[in-house]
Amino acid sequence: MIDDLPVGLRARRPADEDHLRVLAVLDAWWGGLKGAAGATERALLLPRLYFQHFTTSSFLVEDGDGEVVAFLVGFLSQTEPETAYVHFVGVDPALHGQGVGRSLYRAFFALARSHGRRYVHCITSPENTASRAFHTRLGFTPSAVKPDYDGPGLDRVAFAIDLSAAPGAAL
Ligand SMILES: CC(C)(COP(=O)(O)OP(=O)(O)OC[C@H]1O[C@@H](n2cnc3c(N)ncnc32)[C@H](O)[C@@H]1OP(=O)(O)O)[C@@H](O)C(=O)NCCC(=O)NCCS
């Protein structure tokens, strides 16, 4: 399903049974970003429905022991026929910097393209400097910080990439 992951890692579609397994890693993987409020925010971003109704456009990566080491939850926009959306992505900190995040996005871009999608959008918290650097490195264009974008006090940076213009090397 994704053939350029580091040796020993395997990707598959997530399933209902993976929901709690993914929730269980969020705080550690996000390094406790934004404290207790951040933990609540993250958990609420991944209700079970994503593991039921968005599985064919999402990826779960496990190591040889079957432990979850990365995931990408995305979907094809219902509203914008040229757009796909990455809702949530995470990589085990032990694997950071090894290209796992890039591989997940490459796979999602291929999926988006295969469904005729030209644009990929996503958002992140302004405080998440790693995410902002990662998305910019992959070729996304960041917006200015959008105050209260996701509700009172929930500022966001929005990212967009045009797959038809993105340089192949960045993907
Ligand atoms: C952001 C995240 C997904 C990146 O995953 P990753 O597997 O470490 O990223 P990759 O190794 O594929 O890196 C791809 C590129 O981004 C760059 N990059 C990744 N993390 C970076 C960071 N913290 N600072 C600067 N650049 C970074 C890499 O250098 C690489 O560029 P290169 O190939 O030119 O060297 C990972 O840090 C993560 O899971 N963070 C916690 C969860 C999170 O913030 N998710 C995103 C918001 S929803």
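1. Helices H5 and H6 pack with their axes 11 Å apart and at an angle of about 55°, which makes H5 oblique to H6. Here helices (H or I, at least four residues) and strands (E, at least two) are DSSP runs numbered from the N terminus. Axes are lines fitted to C-alpha atoms, for helices over the stretch in contact, with angles running from 0 to 180 degrees between N-to-C directions; angles under 35 degrees count as roughly parallel, over 145 as roughly antiparallel, 65 to 115 as roughly perpendicular and the rest as oblique.

2. The model is predicted, so local features need pLDDT of at least 70 and side-chain atom pairs count only at pLDDT 80 or more, while totals for chains, interfaces and linings use all residues. Residues are numbered from 1 along each chain as its sequence is written, and side-chain values use heavy atoms, with hydrogens and water left out.

3. Where H5 and H6 meet, Gly-101, Arg-102 and Tyr-105 of H5 are in contact with Phe-134, His-135 and Arg-137 of H6, contact meaning heavy atoms within 4.5 Å. These residues divide into two nonpolar, two polar and two charged; Ala, Val, Leu, Ile, Met, Phe, Trp, Tyr, Cys and Pro count as nonpolar, Asp, Glu, Lys and Arg as charged, and the others, Gly among them, as polar.

4. Tyr-105 and Phe-134 also form an edge-to-face aromatic pair, with 5.3 Å centre to centre and 75° between the planes. Rings of Phe, Tyr and Trp (its six-membered ring) pair if their centres lie within 6.5 Å, and planes under 30 degrees apart count as stacked, over 60 as edge-to-face and the rest as tilted. Because Tyr-105 lies in helix H5 (residues 100-114) and Phe-134 in helix H6 (residues 129-137), the pair ties together parts that are 29 residues apart in sequence.

5. Tyr-105 counts as buried at 1% relative accessibility, whereas Phe-134, at 25%, counts as partly exposed; buried means under 20% relative accessible area, exposed over 50% and partly exposed in between (1.4 Å probe, protein chains only).

6. Trp-30 sits in the loop between helix H2 (26-29) and helix H3 (35-45), and Phe-71 in strand S3 (residues 68-76), 41 residues apart. Trp-30 is buried with a relative accessible area of 17%, and Phe-71 is buried with 2%.
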